[in-house]
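Dear colleague,

I am handing over the structure we spoke of, and you will find it just below. Please read the notes that come after it with the model open beside you.

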Amino acid sequence: MKKIALIAALALALPFAATAQTTPAKPAAKAEAKKTPPKKQVTRKAAKAVEEVTPIADETNIVLTDADLEVAKRVSLGKAQCELGADVTVAADEKKPGFFNVSTKGLKYRMHPVESRTGAIRLEDPRAGAMWLQLGNKSMLMNQKAGLRIADECQTAEQVAFAEEMKKNPPKSLFEGADAAKK
């Protein structure tokens, strides 16, 4: 019984002992806080304004292969209208053949082509983690680091025409004629 009373008394006394130990440290922390000026937060509007005028980095250590340069020839250039009123502009870099400047909503990327197994046109900015994926009828801009689609269902005039042609002459199904091959 004495043990239980002793344990209960210690349990009640420990919180008071802990606060007594931390109390003298508070004035020192306050004095330290007064010495360093508070950090100012940058507003989202100010950060966006800085981003819009910040040039895209020209230096790159990426060397394009002949296959990458062939992919670059097929990139659809210009302004692509996307869903939800967004748009993405893809422009060839005049200083460095095969590289592209991709921009949307104050975001700028310097991208280069990457050969894909599917035949889709893929541009990447490994520094920012962004990727532009271009199919015949649509494109999308993704941020792989954040796991977000920045812009989806994007189409240039060329892609709109391709999509209309697909509606008129739909491609054959992958499984069409598969049953006939079994017989």
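What follows is a short account of the overall fold and then of some salt bridges.

Please keep in mind that this is a predicted model. The chain holds six helices and eight strands, and along the sequence these run in the order α-α-α-α-β-β-β-β-β-β-β-β-α-α. Of the 183 residues in the chain, 24% are buried, while the accessible surface amounts to about 13,800 Å², with carbon and sulfur atoms contributing 61% of that area.

In helix α4 (residues 66-73), lysine 73 and glutamate 70 are three residues apart, about one turn of the helix, and the closest N and O atoms of their salt bridge are 3.0 Å apart. Lysine 73 is exposed at 63% relative accessibility, whereas glutamate 70, at 45%, is partly exposed.

Helix α5 (residues 157-168) contains lysine 167 and glutamate 164, again three residues apart, and their side chains form a salt bridge with an N to O distance of 3.7 Å. Here lysine 167 is exposed at 62% relative accessibility, and glutamate 164 is partly exposed at 38%.

A further salt bridge links aspartate 125 to arginine 127, with the closest N and O atoms 3.8 Å apart. Aspartate 125 counts as buried because its relative accessible area is 3%, under the 20% cut-off, whereas arginine 127 is exposed at 56%.

Technical notes: Residues are numbered from 1 along each chain as its sequence is written. This is a predicted model: local features need pLDDT of at least 70, side-chain atom pairs count only at pLDDT 80 or more; totals for chains, interfaces and linings use all residues. Side-chain values use heavy atoms; hydrogens and water are left out. Helices (H or I, at least four residues) and strands (E, at least two) are DSSP runs, numbered from the N terminus. Buried means under 20% relative accessible area, exposed over 50%, partly exposed in between (1.4 Å probe, protein chains only). Accessible areas come from the Shrake-Rupley method with a 1.4 Å probe; for residues, only the protein chains shown count as cover. A salt bridge is a side-chain nitrogen of Lys or Arg within 4 Å of a carboxyl oxygen of Asp or Glu.
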